[in-house]
Amino acid sequence: MPTESGTCSAARQAKQKRKSHSLSIRRTNSSEQERTALPREMLEGQDSKLPSSVRSTLLELFGQIEREFENLYIENLELRREIETLNERLAAEGQAIDGAELSKGQLKTKASHSTSQLSQKLKTTYKASTSKIVSSFKTTTSRAVCQLVKEYIGHRDGIWDVSVARTQPVVLGTASADHTALLWSIETGRCLVKYSGHVGSVNSIKFHPSEQLALTASGDQTAHIWSYAVQLPTPQPIADTTICGEDEVECSDKDEPDVDADVSSDCPTIRVPLTSLKSHQGVVIAADWLVGGKQAVTASWDRTANLFDVETAELVHSLTGHDQELTHCCTHPTQRLVVTSSRDTTFRLWDFRDPSIHSVNVFQGHTDTVTSAVFTVGDNVVSGSDDRTVKVWDLRNMRSPIATIRTDSAINRINVCVGQKIIALPHDNRQVRLFDMSGVRLARLPRSSRQGHRRMVCCSAWSEDHPMCNLFTCGFDRQAIGWSINIPALLQEK
């Protein structure tokens, strides 16, 4: 009927009008503009301890925020007018349909339904516009501070662990569920060495503190020590892989890196270890070197951690006490201390500084699996858990944490930048966030459909003195990623 077609035409015109309304609307109220400009001039004239460049940047950003919210206010007014107009036409339509009047109840129901739909559109418009504002400022910060530099693609299954060599030449190591460990050139992304001595998933990799030795833990119930000798290729010019934006785009498995062609097939392969550490009755989930590199510790699903002599492969101590499977182990960089974490919601500190006796302390505070616990500078330990929290502990006061970080997703193997005291948190939801030791969030690594991890991030590793990348991450998407973190800028923004 003519009345219906007129209503549809009006709705269509209103929709087109909203689409054509851009975020570059100019102010229409000159008096409002004068009132807004006055405080800004006063602010610019005030004495400030901020540098002029920082001050001008802040003024520019606040100006952008003001313009964005003014545009949203104008859109709000227009949408309200459209709601009133359509409600009036809907009421007239209800009186004219088929020459009969609609009952008041029917008219009220139909008008309410129409209003509900328009209200939902209004909420959607606000949400989308506000998200653009927030993400625009986050993008500026993230792009300046955290940049993706290199991707390391070659494994045929998820990567559990990533580590950086402590000796020259500095190489990257990855441990994968495809039963191999790979060594990479950080600069070129080329695979240098492939270790295939395990018959189960390789769950962790750690480099010797002073020699070209690697320690890997595996699902085959063993830990292997193997030697490598690599020659780094000539680095090529680095392409700029920085992508603007932090779009929350979900990617399916088909978006994962294509590794049908095994890039590790043409690199040297090591098949036999120098030493095999055997004594566990379950999966060895992690292993690490004690300070000095003469002993190694392993953590297993058989609820024990074992301390081995590296030269003889003999078992020195069996560390028992956890009620459930162990998830991780870590050693202190300068002292004979070991920390083990477990599914029993606790982690334990083992002290081997006195050769005649070793002591143990139990840390309780999490409500779910403790996925990792690592040492920092001095007397602090940082623990992460499936209960979505990270806690910072003082070894001299074990009753309660000195800081707690609450997140929105389970946390996997954490890593601490010792020199700068920055914690990297890899999450089940593909996020990687950076915090300081007091629990203040510093940044989030960019994540979009074109960069970042596409599935769960398992582990992170800092390399504090590498000129190209100083943070590495790995995940179930079968790739490791090298990031450049501008730490001075990160701490300045804090």
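The model is predicted: local features need pLDDT of at least 70, side-chain atom pairs count only at pLDDT 80 or more, and totals for chains, interfaces and linings use all residues. Residues are numbered from 1 along each chain as its sequence is written, and side-chain values use heavy atoms, with hydrogens and water left out. The protein chain contains five helices and 29 strands; helices (H or I, at least four residues) and strands (E, at least two) are DSSP runs, numbered from the N terminus. Of its 494 residues, 48% are buried. Here buried means under 20% relative accessible area, exposed over 50%, and partly exposed in between (1.4 Å probe, protein chains only).

**Contacts along the chain**

- Among contacts with a separation of 6 or more, 54% are made by residues 24 or more positions apart; a contact means heavy atoms within 4.5 Å.
- Gly-293 sits in the loop between strand 11 (284-289) and strand 12 (295-300).
- With a relative accessible area of 6%, Gly-293 is buried.
- Neighbours within four places in sequence aside, Gly-293 is in contact with His-208, Pro-209 and Val-310.
- Gly-293 and Pro-209 are 84 residues apart along the chain, and their C-alpha atoms are separated by 6.3 Å.

**Nonpolar cores**

- The largest nonpolar core has 25 residues, and those with the most contacts inside it are Phe-347, Phe-375, Val-382, Ile-423 and Leu-425.
- Such a core is a set of buried Ala, Val, Leu, Ile, Met, Phe, Trp, Tyr and Cys residues joined through side-chain atoms within 4.5 Å.
- The elements giving two or more residues to this core are strand 16 (337-342), strand 17 (346-351), strand 19 (370-375), strand 20 (380-385), strand 21 (389-394), strand 22 (403-406) and strand 24 (422-426).
- Strand 19 supplies the largest share of this core, four residues.
- Apart from this core lies another, of 20 residues, including Leu-148, Leu-445, Trp-462 and Ile-481.
- Phe-375 has contacts beyond its neighbours within four places in sequence, among them Cys-330, Pro-333, Leu-349, Val-381 and Leu-395.

**Aromatic pairs**

- The structure holds nine aromatic pairs; rings of Phe, Tyr and Trp (its six-membered ring) pair if their centres lie within 6.5 Å, and planes under 30 degrees apart count as stacked, over 60 as edge-to-face and the rest as tilted.
- Trp-160 and Phe-476 form an edge-to-face pair, because their ring centres are 5.1 Å apart and their planes stand at 80 degrees.
- This pair links distant parts of the chain, 316 residues apart: Trp-160 is in strand 2 (residues 159-164), and Phe-476 is in the loop between strand 28 (471-475) and strand 29 (479-485).
- Trp-160 is partly exposed at a relative accessible area of 30%, and Phe-476 is partly exposed at 27%.
- Trp-226 and Tyr-228 also pair edge-to-face, with 6.4 Å from centre to centre and 65 degrees between the planes.
- Trp-226 is buried at 0% relative accessible area, and Tyr-228 is buried at 2%.
- Trp-226 and Tyr-228 belong to one aromatic cluster with Tyr-195 and Phe-207.

**Salt bridges**

- The count comes to eight salt bridges, each being a side-chain nitrogen of Lys or Arg within 4 Å of a carboxyl oxygen of Asp or Glu.
- Asp-161 and Arg-413 form a salt bridge with the closest N and O atoms 3.7 Å apart.
- Asp-161 lies in strand 2 and Arg-413 in the loop between strand 22 and strand 23 (415-417), 252 residues apart.
- Arg-166 and Asp-288 form another salt bridge, with the closest N and O atoms 4.0 Å apart.
- Arg-166 is partly exposed at 47% relative accessibility, whereas Asp-288 is buried at 4%.
- Arg-396 and Asp-394 meet in a salt bridge of 3.2 Å, N to O; Arg-396 is exposed at 66%, whereas Asp-394 is buried at 14%.

- Asp-387 lies in the loop between strand 20 and strand 21.
- Asp-387 is buried yet has no salt bridge, and the nearest side chain of opposite charge, Lys-391, is 5.8 Å away.
- For charge, Lys and Arg count as positive and Asp and Glu as negative, while His and the chain ends are not counted.
- The side chains of Asp-387 and His-366 are joined by a polar contact of 3.1 Å.
- A polar contact is a pair of N or O atoms within 3.5 Å; within protein, one must be able to donate a hydrogen and the other to accept it, and residues adjacent in sequence count only if both atoms are side-chain atoms.
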